[in-house]
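Hello,

Here is the structure I promised to pass on to you. Please open it beside this message, and then read on for what turned up in it.

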Amino acid sequence: DVMDRLNLFTSDLYDSTVTLDNGDVKIKIVHVESGGETNILVDRESYLIKNVMYRTTQLDNSVTINNQVYKNVILNPNFDSDEFEIPVNN
């Protein structure tokens with residue numbers, strides 16, 4: 001299961017969780033030392049990224065949020081089918 005495999009992404013530097021958010025896959029990665037956080041929203045059917053939000057806390061405790069929205073994303077037609085394949089069972 002793809003979500004189970006993604007949930008395994010953790011280390012001494014990062015803590016991650018994978019959940020469903022309105023039918024999309026939400027990957028949350030927290031940098032353990034700084035507390036910075038990245039949220040990646042992936043379309044559950046196409047596995048293409050829809051949104052990436054970076055949240056960081058500055059030295060003065062202010063929070064900076066950078067939100068990137070991706071629209072009309074398509075697969076690169078030059079990919080060999082062995083390089084990228086959408087899993088049948090998600």
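Lys-50 is partly exposed, with 32% of relative accessible area; buried means under 20% relative accessible area, exposed over 50% and partly exposed in between, with a 1.4 Å probe and protein chains only. The side chain of Lys-50 forms a salt bridge with that of Asp-24, at 2.9 Å from N to O. By salt bridge I mean a side-chain nitrogen of Lys or Arg within 4 Å of a carboxyl oxygen of Asp or Glu. Lys-50 belongs to strand S4 and Asp-24 to strand S2, so this pair ties together parts that are 26 residues apart in sequence. Asp-24 itself counts as buried, at 10% relative accessibility.

Before going further, please keep in mind that this is a predicted model, in which local features need pLDDT of at least 70 and side-chain atom pairs count only at pLDDT 80 or more, while totals for chains, interfaces and linings use all residues. Residues are numbered from 1 along each chain as its sequence is written, and side-chain values use heavy atoms, with hydrogens and water left out.

How many salt bridges does a search of the whole structure find? There are two. Besides the pair above, Glu-37 and Lys-28 meet through their side chains at 3.8 Å, N to O. Glu-37 is buried at 16% relative accessibility, whereas Lys-28 is partly exposed at 32%. As background, side chains of opposite charge can pair when their charged atoms come close.

Now the overall layout. Helices (H or I, at least four residues) and strands (E, at least two) are DSSP runs, numbered from the N terminus. Of the 90 residues in the chain, 20% are buried. The accessible surface comes to about 6,900 Å², and carbon and sulfur atoms hold 51% of that surface; these areas come from the Shrake-Rupley method with a 1.4 Å probe, and for residues only the protein chains shown count as cover. Among contacts in the chain with a separation of 6 or more, 13% are between residues 24 or more positions apart, where contact means heavy atoms within 4.5 Å.

Which residues make up the largest nonpolar core? The seven are Val-18, Val-25, Ile-27, Ile-29, Ile-40, Val-42 and Val-52. Strand S2 (24-31) and strand S3 (37-42) are the elements that give two or more residues to this core, and S2 has the largest share, with three. A nonpolar core here is a set of buried Ala, Val, Leu, Ile, Met, Phe, Trp, Tyr and Cys residues joined through side-chain atoms within 4.5 Å. In soluble globular proteins, nonpolar side chains tend to be buried together. Val-25, in strand S2, is buried with a relative accessible area of 8%. Val-25 and Ile-40 are 15 residues apart in sequence, and their C-alpha atoms are 8.0 Å apart in space.

Two polar residues deserve a look as well. Glu-37, in strand S3, also joins its side chain to that of Asn-39 in a polar contact of 2.8 Å. A polar contact is a pair of N or O atoms within 3.5 Å; within protein, one must be able to donate a hydrogen and the other to accept it, and residues adjacent in sequence count only if both atoms are side-chain atoms. Beyond four places in sequence, Glu-37 is in contact with residues including Lys-28, Met-53 and Arg-55. Asn-51 lies in strand S4 and is buried at 17% relative accessibility.

Finally, the loops. Asn-22, in the loop between strand S1 (14-21) and S2, has a positive phi of about 55 degrees although it is not a glycine. Asn-61, in the loop between S4 and strand S5 (63-69), also has a positive phi, near 70 degrees. Most residues other than glycine have a negative phi, and most peptide bonds are trans. Asn-22 is exposed at 78% relative accessible area, and Asn-61 is exposed at 62%.

Happy exploring!
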